[in-house]
Amino acid sequence: MSSEHLAQFGRRYTDSALSEALSALGTAGPGTPPLDAHALARRLGALTEAAQKSREPLSLELMLTRIVALITDAFDAERSTLFLYDADSDELFSRVAQGRLVREIRFSARSGIAGAVFLTGEPEIIADPYADTRFNQAIDLETGFRTQSILCVPVRSWRGETIGVTEVLNKRSGPFTPADAVLLQAFTAHMSTAIENAHLFERARVSTREESQLMEVTQALSSELDIDTLLRKIMSIATELLDAERSTLFLHDPVRNELWSRIAEGVGAKELRIPADTGIAGEAFTRRTPINIQDAYGDPRFNPEIDRRTGFRTRSILCVPVINKLGLATGIMQVLNHRHGVFSLRDQRRLELLAAQSAIALENARLFQEVLQERNYNDNVLRSLTNGVLTLDLALNVVKVNDAAATLIGREPGRLLGASVEDVFGNGRAWVRRAVKRVAASGTSDVTMDGLLRGADGNGTSVNLIVSPLRDPESRVIGYTLVMEDITKEKRVRAAMARYMTREVAEQVLAQGEAVIGGRFQLATVLFTDIADFTTIAERIGAQETLALLNTHFGEMVEVLFAHGGILDKFIGDGLMAVFGTPFPGAQDADNAIAAAIRMQEALALFNRRRTAAGTPPLAMRIGINSDQVVAGNVGSSRRMDYTVIGDGVNLASRLEGANKVFGTRILTSGLTVALLKERYVLRELDLLRVKGKANPVAVYEVLGFADRELPSGRAELLGHFARGLASYRGRSFGAAIAHFERALAVDPRDRPSLIFQRRARRYDAVPPPEPWDGVWSLGTK
């Protein structure tokens with residue numbers, strides 16, 4: 001078309017942008033092929049319409065939709081796309097692409113044909129895209145579309161800056177020409193101002209929406225202290241803020257080292273737990289860095305199992321760590337499936353900001369819950385205490401009172417709150433007021449034993465009263481605490497019994513009366529302990545250190561004893577005697593005794609670690625256990641009675657404790673106890689002993705531990721050799737027995753039972769025992 005024809009079109013289409021386009025075409029140069037007049041008229045008409053519509057106040061998405069549709073029609077193309085530059089993420093993006101690609105797509109502004117045009121600012125015509133290495137064929141494969149030719153031009157602002165690119169695909173009427181490029185570039189340059197304004201308007205609208213949503217989070221920080229409600233609110237805001245389909249907030253459980261969530265938006269409110277060091281969320285948590293995945297199924301860290309269970313399809317994932325004020329990761333915020341494509345760097349920054357605010361909110365909610373729980377805990381403690389507890393402020397008015405104190409005082413708790421000490425402790429109770437005043441004057445605690453707290457009816461209750469100053473963290477006195485212990489006869493009996501039996505057993509004794517401890521002949525299991533070489537230790541450390549050591553040792557052993565239902569009979573020097581099955585026998589008494597012995601040795605091992613760390617030598621403890629019929633009951637005089645057991649079975653347990661010295665063992669029990677066991681343990685039959693005072697031999701077993709515990713290396717082999725050696729020994733095959741015991745000693749040269757039986761077998765191999773011989777060894781024989 002000549003310059004005269006272009007001028008005629010210029011008079012018909014008076015829009016300045018099109019005038020510029022026509023001028024550009026008129027000077028396009030000799031290489032530019034002539035345009036068909038009708039084709040140009042159609043294009044100019046479509047572009048004029050676009051120029052006029054660009055002046056209408058449209059959203060960015062609607063504007064892009066109209067512009068792309070008009071460009072597609074004007075150039076008789078199959079598809080067009082207008083990409084804008086996102087400086088925050090250094091990406092080109094478009095929310096409009098004709099055909100099936102209707103969601104937002106993003107890619108690096110430095111990749112592909114569009115990226116090349118954006119960087120160079122020069123238009124390009126690609127006649128065969130599949131021959132161009134920059135072309136991404138994957139999109140065609142995904143959509144089924146076939147790209148045959150491309151016209152790509154930069155979109156420049158009035159300042160000359162490239163703000164995007166326009167791509168037109170597959171011109172139906174023939175190949176793209178330089179004239180097409182000139183016309184499209186001139187048009188997009190004019191339209192850039194409207195596009196830029198729409199883009200800025202949308203960003204302002206998004207920013208306003210974000211500010212509103214973040215303000216909502218800020219309000220939640222100060223108004224919402226229920227953690228579950230707060231989590232739901234945060235996740236709802238995260239989903240809306242990032243235009244996602246689903247959100248999850250994982251919190252860290254440091255005890256189990258797991259990430260857990262009670263809130264998974266879109267899948268209900270059930271708890272979900274995952275390891276804190278695996279998967280995408282685990283990596284974001286452990287590395288404390290955001291992870292943005294555009295294709296979840298293309299990432300090897302993604303676990304598709306949840307998708308399979310729920311029917312949900314995860315496309316894109318954005319994970320950011322939740323960092324507290326100490327800089328520690330406390331959880332992970334995860335959003336799934338951006339509704340318009342993938343998550344951008346801007347989305348990441350918004351989620352990080354939300355995570356930072358959420359960390360503060362969660363910390364506040366956690367602290368509030370702790371305070372609330374502490375308050376409830378303290379109230380429950382006060383309510384559950386059998387002792388009466390009452391607190392006063394500095395004006396000596398009641399601030400707190402539990403039910404037990406109200407019962408002792410004889411008033412309802414509500415009527416006591418706010419009452420003065422003179423009102424609460426009036427006539428007949430002046431000694432309580434005097435105790436409070438002594439504490440107020442001295443600032444130290446005051447104890448009154450067996451005071452009489454008289455009621456309105458004149459009757460009284462014997463109590464022990466402790467009055468103590470109540471101090472704040474700076475040790476300033478802020479009030480006073482009164483603790484009243486009811487010491488009626490029943491409580492006195494219970495307190496006395498609790499020194500040697502568990503509370504449950506004491507309660508049973510009190511419920512059934514004194515007859516149960518008056519004297520019975522019954523089956524029981526008796527346990528003795530003794531510290532090896534304690535006399536030498538005591539001489540070395542002195543009297544005070546000896547008592548301190550024993551008190552600490554006994555304290556730990558008695559805790560184990562009570563935990564397994566045993567009764568402390570007495571302390572005997574550096575040892576103790578305990579009974580299982582009295583006054584109330586049970587089917588597990590023998591098992592409880594064996595388990596207690598094993599746990600005692602474990603507790604001693606922990607105790608020895610602390611001693612070793614403190615530079616003091618460890619202790620060794622021997623334990624003997626036997627089950628037999630014993631006499632159980634109170635023994636003593638009218639001035640003092642002790643509940644104990646007596647009989648030959650008790651003596652045998654003591655002798656088995658001593659037999660540990662001979663065998664070099666830690667726990668020995670009798671065959672009588674083994675026959676009563678219900679559970680499985682690692683036992684080694686050692687011998688048949690004839691004990692002084694006993695006519696019949698006693699089978700003796702070494703207790704090595706629980707059956708479900710792994711034995712030390714080589715121990716099972718040693719026990720096998722020893723068992724075969726013992727069988728050969730009792731069968732009078734002394735040569736074979738010697739060989740088996742030598743094999744056992746090859747595993748552990750320090751195993752004293754193997755050494756003992758090796759010596760016995762050699763003695764009998766040299767001088768056989770006379771017939772009949774039952775294999776019994778008398779305790780004390782060398």
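These exercises work through a predicted model.

**Exercise 1. The largest nonpolar core**

Find how many residues the largest nonpolar core has, and which of them have the most contacts inside it.

Solution. 
- Step 1: Count the core. The largest nonpolar core has 35 residues.
- Step 2: List the elements that supply two or more residues. They are strand 18 (520-531), helix 18 (534-541), helix 19 (543-563), strand 20 (575-580), helix 20 (589-613), strand 21 (621-636) and strand 25 (698-706).
- Step 3: Name the top contributor. Helix 20 gives the most, with 11 residues.
- Step 4: Zoom in on Met600. Leave aside its neighbours within four places in sequence. Met600 is then in contact with Leu527, Thr529, Met557, Val560, Leu561, Met621 and Ile623.
- Step 5: Look for another core. A second, separate one has 26 residues, including Leu396, Val421, Ala435 and Val439.

**Exercise 2. Two packed helices**

Describe how helix 21 and helix 25 pack.

Solution. 
- Step 1: Two packed helices are described by the angle between their axes and the distance between the axes.
- Step 2: Read the values. Helix 21 (residues 648-663) and helix 25 (residues 752-766) pack at about 75°, and their axes are 9 Å apart.
- Step 3: Classify the angle. Angles of 65 to 115 degrees count as roughly perpendicular. Helix 21 and helix 25 are therefore roughly perpendicular to each other.
- Step 4: Name the residues that meet. Helix 21 brings Lys661, Val662 and Phe663, while helix 25 brings Arg752, Pro753 and Ile756.
- Step 5: Sort this contact by class. There are four nonpolar, no polar and two charged residues.

**Exercise 3. Strand 17 and its partners**

How many bridges join strand 17 to strand 13, and how many join strand 17 to strand 16?

Solution. 
- Step 1: Take strand 13 (residues 388-393). Six bridges join it to strand 17 (residues 477-486), and the two run antiparallel. Asp393 stands opposite Gly479 in strand 17.
- Step 2: Take strand 16 (residues 460-471). Nine bridges join it to strand 17, again antiparallel. Leu465 has Met484 in strand 17 as its bridge partner.
- Step 3: Inspect the hairpin of strand 16 and strand 17. Five residues lie between the strands, and Ser475 takes a positive phi near 65°.

How values were computed: Residues are numbered from 1 along each chain as its sequence is written. This is a predicted model: local features need pLDDT of at least 70, side-chain atom pairs count only at pLDDT 80 or more; totals for chains, interfaces and linings use all residues. Side-chain values use heavy atoms; hydrogens and water are left out. A nonpolar core is a set of buried Ala, Val, Leu, Ile, Met, Phe, Trp, Tyr and Cys residues joined through side-chain atoms within 4.5 Å. Buried means under 20% relative accessible area, exposed over 50%, partly exposed in between (1.4 Å probe, protein chains only). Helices (H or I, at least four residues) and strands (E, at least two) are DSSP runs, numbered from the N terminus. Contact means heavy atoms within 4.5 Å. Axes are lines fitted to C-alpha atoms, for helices over the stretch in contact, and angles run from 0 to 180 degrees between N-to-C directions. Angles under 35 degrees count as roughly parallel, over 145 as roughly antiparallel, 65 to 115 as roughly perpendicular and the rest as oblique. Ala, Val, Leu, Ile, Met, Phe, Trp, Tyr, Cys and Pro count as nonpolar, Asp, Glu, Lys and Arg as charged, and the others, Gly among them, as polar. Two strands pair if DSSP finds at least two bridges between them.
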